[in-house]
Amino acid sequence: MIELLASRSLYVLLFALLGIGLYMVIANQNLVKKLIGVSLFQTSIFLFFVAMAYVEGGSSPVVPAEENPGELLIASPLPHVIVLTAIVVGIALTAVGLALVIRIYSEYGTLREDTLREVRADE
Amino acid sequence: MSSVDLLPPLLVVVPIIAAALPIALGLWVDRAGWPVAALTTIGLFAGAVALSSVVYGDGRVIHELGGYPRAYGIELVADQFSTLIVLLVTGVAAGVLAYTRRGGPRGNTFYTAYLLLTGGLLGISLTGDVFNLFVFLEITSIATYALVASGDGPEAAVAALKYLILGTVAASMYLIGVAFVFMATGTLNMIELADAIPAAERPILIRAGLGFMIVGFTVKIAQWPLHTWQPSAYNRAPDGVTPLIAALVSTASAYAFGRLIVTVFEVETLASTPRAAGIVVTIGCVSVLAGTVLAVIQSEIKRMLAYSSVSQFGLVIAAYGVVVAGNSETAFIGAAVHLVGHGLLKAGLFLAAGLIAVSYDARTVDEYAGLAKDRPIAAGAMAVLLLALVGVPPGVGFVGKWYIAVGAVQSELWPVAAVIILSTMLTLAYAARLLEKMYFTPPAPVERPRPPGATATDGGSGVITAAFRGRGSPEDVSAGMLAVVVVAAIGAVALGFAGGQFAELLDPFLTEVFN
């Protein structure tokens with residue numbers, strides 16, 4: 001078991017990061033920190049894709065013109081392309097989320113979820 | 001390349017590009033949004049009809065984007081199942097657009113979000129690539145968050161933020177599932193995956209991926225207990241927006257889930273996966289019961305209809321479970337019919353609720369008292385839609401439930417059949433409460449004082465009760481708004497007669513999937 005964890009140390013690290021992100025979303029009362037948790041959660045998945053594409057001893061997936069492609073050892077390019085797209089999506093989501101947080105702050109004057117709940121219950 | 005091949009990419013690309021126009025043209029022209037949105041939507045609907053005539057005539061249409069073969073590239077696939085959803089999306093979008101011309105929300109930013117949403121939904125329906133599906137899910141979601149947040153008051157922003165956090169985590173869960181499946185098979189194309197998954201060396205990765213995908217879609221489709229974002233999002237969104245997102249966003253996610261089950265993971269592979277069918281059936285059945293019970297105890301109309309969506313989508317998910325457990329074609333037809341029928345019914349019901357809120361100023365069940373006398377057409381249309389939702393034949397709700405129930409009985413999954421009957425009775429409980437208020441309860445005197453001279457300007461004694469209602473008045477409703485609601489009610493009944501045709505249209509798809 002320990003041997004398995006040691007040989008997959010990057011995956012273990014990334015899933016720990018995933019858990020930390022999810023914990024922040026659930027347990028943190030501050031709305032901005034919740035969004036940071038969402039970002040962390042997403043980023044660990046992106047890193048998971050990148051880690052998956054890594055080939056031991058492989059070079060970056062840029063094929064030189066003169067070499068025979070069959071003899072090259074390169075990292076898989078597809079996950080990298082996927083992650084680029086996913087990063088763009090993640091940035092758009094963070095932007096929308098922060099815009100909503102600004103609106104909530106200007107209306108209620110608080111960023112804390114528990115205070116927000118009290119303010120809304122009073123109305 | 002024939003011109004038909006170009007239809008799927010055009011259906012996705014045109015609304016997304018057109019989404020930039022209302023804001024760009026808005027710099028020079030004030031009211032640029034509506035004509036752009038109307039032209040695009042009419043074009044999309046025409047395109048969807050043309051596409052469906054080809055798909056139902058000659059079989060499916062496949063377009064490889066950029067000419068890259070399926071092993072590396074992304075392809076768009078229009079087959080019998082996805083074309084049904086394309087028709088629903090474009091049809092409902094056109095109807096809602098006709099409503100918002102007068103009923104609002106207006107403004108160029110609304111039309112931008114509206115077109116972006118339509119493009120994302122069509123992308124979900126047509127894509128043949130599991131990662132591309134994630135991108136379109138997120139495009140749809142971002143547009144939905146913006147639309148929900150455009151509601152009046154700060155509560156809408158809170159509802160939208162809650163939806164954003166839950167929706168993003170859900171979509172990320174789906175992405176983890178994609179990562180696991182990609183790790184095990186090395187491909188992202190749905191058709192390639194169907195061949196690669198049974199042959200995968202490490203089935204444990206496939207199962208983990210499936211588990212993450214199920215959790216992700218359970219949030220996106222709003223299944224109990226992960227539905228909590230949905231009632232407040234539907235309730236706080238503007239009246240013109242709720243029909244759009246209630247009828248389409250969860251429907252497209254439910255369609256995508258069904259697509260994964262029948263095309264990607266395939267029924268046979270899933271049937272041999274331990275407990276997969278049981279988990280899906282349980283999620284669906286529990287949502288059906290929890291959703292209806294929660295709907296019965298609501299007093300606000302829009303919130304009640306939102307909880308009703310939780311239960312109706314539970315039926316679809318339970319039907320998917322029956323498809324896997326019993327290899328049942330009938331249950332799959334039921335799920336497809338119920339997806340389309342529920343989309344149409346919910347669009348009609350939320351449009352009617354918005355119309356009544358504008359013209360009658362009524363938002364809770366108690367305020368609907370005496371509605372039938374004052375607004376006979378709106379009340380009549382709402383009654384027809386409610387009865388169709390309960391499953392009174394010949395409404396379309398009956399056809400879907402019937403196929404699902406028959407499929408469950410054929411597969412000897414008696415609990416599902418029992419849940420369908422029980423949920424029908426509970427649905428009747430909240431529908432009947434509303435019908436009783438509308439038709440048999442005299443309007444209660446309202447605290448508000450009657451504005452002086454109201455009877456004189458209205459010119460008749462029959463409108464006194466309407467004058468009690470304060471700001472709502474029939475003049476705020478255009479004939480177009482009323483016509484859209486009536487068309488939805490007629491469509492709900494007409495589709496009810498077309499149950500056999502659904503089965504015929506889906507037949508080529510079914511023979512491919514279930515053999």
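Biologist: Where in chain B is B:Glu412 placed?

Modeller: Secondary structure is read as DSSP runs numbered from the N terminus, with helices being H or I of at least four residues and strands being E of at least two. On that basis B:Glu412 falls in chain B in the loop between helix 18 and helix 19 (414-440).

Biologist: Before we go on, what kind of model is this, and which residues do the totals use?

Modeller: Residues are numbered from 1 along each chain as its sequence is written, chains are lettered from A and ligands numbered from 1 in the order in which they are written, and side-chain values use heavy atoms, with hydrogens and water left out. The model is predicted: local features need pLDDT of at least 70, side-chain atom pairs count only at pLDDT 80 or more, and totals for chains, interfaces and linings use all residues.

Biologist: Is B:Glu412 buried or exposed, and at what relative accessibility?

Modeller: Buried means under 20% relative accessible area, exposed means over 50%, and partly exposed is in between (1.4 Å probe, protein chains only). B:Glu412 counts as exposed because its relative accessibility is 59%.

Biologist: What is the phi value of B:Glu412?

Modeller: Most residues other than glycine have a negative phi. B:Glu412 is a residue other than glycine with a positive phi, near 60 degrees.

Biologist: What is the phi value of B:Ala222, and where is B:Ala222 found?

Modeller: B:Ala222 is buried because its relative accessible area is 0%. B:Ala222 is found in the loop between helix 9 and helix 10 of chain B. Its phi is positive, in a residue other than glycine, and near 65 degrees.

Biologist: Which residue does a cis peptide bond join to B:Pro225?

Modeller: Most peptide bonds are trans. B:Pro225 lies in the loop between helix 9 (203-220) and helix 10 (229-236) of chain B. Its cis bond has an omega of about 5 degrees, and the partner is B:Trp224.

Biologist: From which residue does the cis peptide bond to B:Pro394 come?

Modeller: B:Pro394 is in the loop between helix 17 and helix 18 of chain B. The bond has omega near 5 degrees and comes from B:Pro393.

Biologist: Which residues does B:Val392 contact, leaving aside neighbours within four places in sequence?

Modeller: B:Val392 is in the loop between helix 17 (376-390) and helix 18 (396-410). It is partly exposed because its relative accessible area is 35%. Contact means heavy atoms within 4.5 Å. By that rule, and with those neighbours left aside, the partners of B:Val392 are B:Leu387 and B:Phe398.

Biologist: How does the radius of gyration of chain B fit that of a compact globule?

Modeller: The radius is taken over C-alpha atoms, and the globule rule is 2.2 Å times the number of residues to the power 0.38. For 515 residues the rule gives near 24 Å, which agrees with chain B at 23 Å.

Biologist: What is the radius of gyration of chain A?

Modeller: Chain A has 5 helices and 0 strands, and its C-alpha atoms fill a box of roughly 70 × 40 × 10 Å along the principal axes. A compact globule of 123 residues would come near 14 Å, but chain A has 21 Å.

Biologist: What percentage of the residues of chain A count as buried?

Modeller: In chain B, 62% of the 515 residues count as buried. In chain A, with 123 residues, the value is 30%.

Biologist: Which residue of chain B does A:Lys34 touch?

Modeller: A:Lys34 is in helix 3 (residues 31-53) of chain A. A:Lys34 counts as buried because its relative accessibility is 7%. Not counting residues up to four places away in sequence, A:Lys34 touches A:Met24, A:Val25, A:Ile26, A:Asn28, A:Glu113 and, in chain B, B:Ile165.

Biologist: Which three residues supply more of the area that chain A buries against chain B than any other three?

Modeller: Buried area is the accessible area (1.4 Å probe) that two parts lose on being put together, summed over both. Here 34 residues of chain A contact 29 residues of chain B, and the area buried is about 2900 Å², with 86% given by carbon and sulfur atoms. The three that supply 18% of the area that chain A buries are A:Leu93, A:Leu100 and A:Arg103.
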